[in-house]
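Here is a short tour of one structure, with a look at its rings, its charges and one of its pockets. Please keep the 3D view open as you read.

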Amino acid sequence: MIGLALEGGGVRGSYQAGAYLAFLECNIKIDGVCGTSIGALNGALIASGRGLDLPSIWRNNSMATLFGFSKEYVEAVKANKVNFKYLKSLFLNIVRILANKGIELDGLKKLIDKELDVDALMNSNIDFGLVTVRLKDFKPLCLFKNEIEKDKLKDYIIASSFLPIFKMEKLIDDEYYLDGGFYDVGPVNMLLDHGYQKVYLIKIHGIGIHRKYNPNADVIVIEPKRSLGGVLDLDPKRIDENIKMGYYDTLRVLKNLDGYQYVFQVKDKKYYEWLNRKVSKSEYRRVKHFFNTENDKDTIIKALEYIMEKEQMNYYQIYDVKKVIKKIKKEYKKKDHFIYNYVRKLRFFF
């Protein structure tokens, strides 16, 4: 059986929406998904058959409204303008939240009611589990859907996502609960303990306790190499960026593509050794030391990515190494920097 573990991490969960699209594209069938916090909500939607819709759900539901911020503040965030209107709106929102002793849960509840079909989730062939913590005795609860009463399932998802920034509210059986990240932000062990042979963990660098799992277990980690923004980053552009990042990062892992921050078509080590053959030993050592790499392949890829970032090349496509080198040689031949100089000395032919 193949399992999917989804970390918690607030708005960074948009990364998981793009990541799951890559699983669908690669025809990888998930038998069970477990999540913590926002990962629990994403996991519930995946298990209920809404995985393909996750990107549109993230793009079409305002995260600012979800967390109870006013429309004026949302517009100010979208405009990306720190002006008097923005600051005034931010101040009024903070005052209201403090007066209420936390962010109201209404926005989160409405989102779950709107997007989650509980019947579809309970009847799905994909298993689902979540993590939360009961406040009174700080007891962790790692529950699969067959252990949860149907009419309480939405409440448990909210309980798994209950950060201290929310207004305290009794959710289930007259009890208070805390975000599952207080016990395990990435519930790999839930799946391993349940008999799953392979687990994919989609990390979003959420705040919480990262529990160790058996290092010999078949766990494949997918995680961002660039920033996903803050856990409460309300900018729709950031959400869109995270979705695309999740998709390409996951494709890199699932298709075993090359690259670190960018994605490249696969070439073997011999190919990179051939490219590097005309570079002097002293120049190669300097570049290798700069990137702290071990071989020709890693050194060349790191050098290309360094220039691609400097020149603000698009992250979201699969690149051909040869074409990138040609582009750098043609468009940046006057850049006097030792990394640029190194790439320009790479050779395809004799």
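Over the ring of which residue does the charged end of Lys302 sit? That ring belongs to Tyr260, and the charged end of Lys302 sits over it, 4.3 Å from its centre. A charge sits over a ring if NZ of Lys or CZ of Arg is within 6 Å of the ring centre and within 35 degrees of the ring normal.

Before going on, a word on the model: it is predicted, local features need pLDDT of at least 70, side-chain atom pairs count only at pLDDT 80 or more, and totals for chains, interfaces and linings use all residues. Residues are numbered from 1 along each chain as its sequence is written, and side-chain values use heavy atoms, with hydrogens and water left out.

Lys302 belongs to helix H14 (residues 296-310); helices (H or I, at least four residues) and strands (E, at least two) are DSSP runs, numbered from the N terminus. Beyond its neighbours within four places in sequence, Lys302 is in contact (heavy atoms within 4.5 Å) with Tyr260, Phe291 and Thr293.

**Aromatic pairs**

The structure holds 16 aromatic pairs. Rings of Phe, Tyr and Trp (its six-membered ring) pair if their centres lie within 6.5 Å; planes under 30 degrees apart count as stacked, over 60 as edge-to-face and the rest as tilted. Here are two of the pairs:

| Pair | Centre to centre | Angle between planes | Type |
|---|---|---|---|
| Tyr262 and Tyr319 | 6.0 Å | 70° | edge-to-face |
| Tyr271 and Tyr272 | 5.7 Å | 90° | edge-to-face |

Tyr262 lies in the loop between H11 and strand E8 (263-264), and Tyr319 in strand E9 (residues 318-319), so the pair ties together parts that are 57 residues apart in sequence. Both Tyr262 and Tyr319 also belong to one aromatic cluster, together with Tyr247, Tyr248, Phe264, Tyr315 and Tyr316.

**The second largest pocket**

This pocket has a volume of about 190 Å³. Among its 13 lining residues, Lys225, Arg252, Val253, Leu257 and Gly259 are the closest to the centre. H11 gives the largest share of the lining, three residues.

Helix H11 (residues 236-254) is also the place of Asp249. Leaving aside its neighbours within four places in sequence, Asp249 is in contact with Tyr15, Ile222, Glu223, Pro224 and Lys225.

Key: On a 1 Å grid over the protein atoms alone, a cavity is a set of points where a 1.4 Å probe fits but cannot get out, and a pocket is an open set with protein on both sides within 12 Å along at least five of seven lines; lining residues have an atom within 4 Å of a point. Grid points are joined across faces, edges and corners, and a volume is the space filled by probe spheres set on the points.
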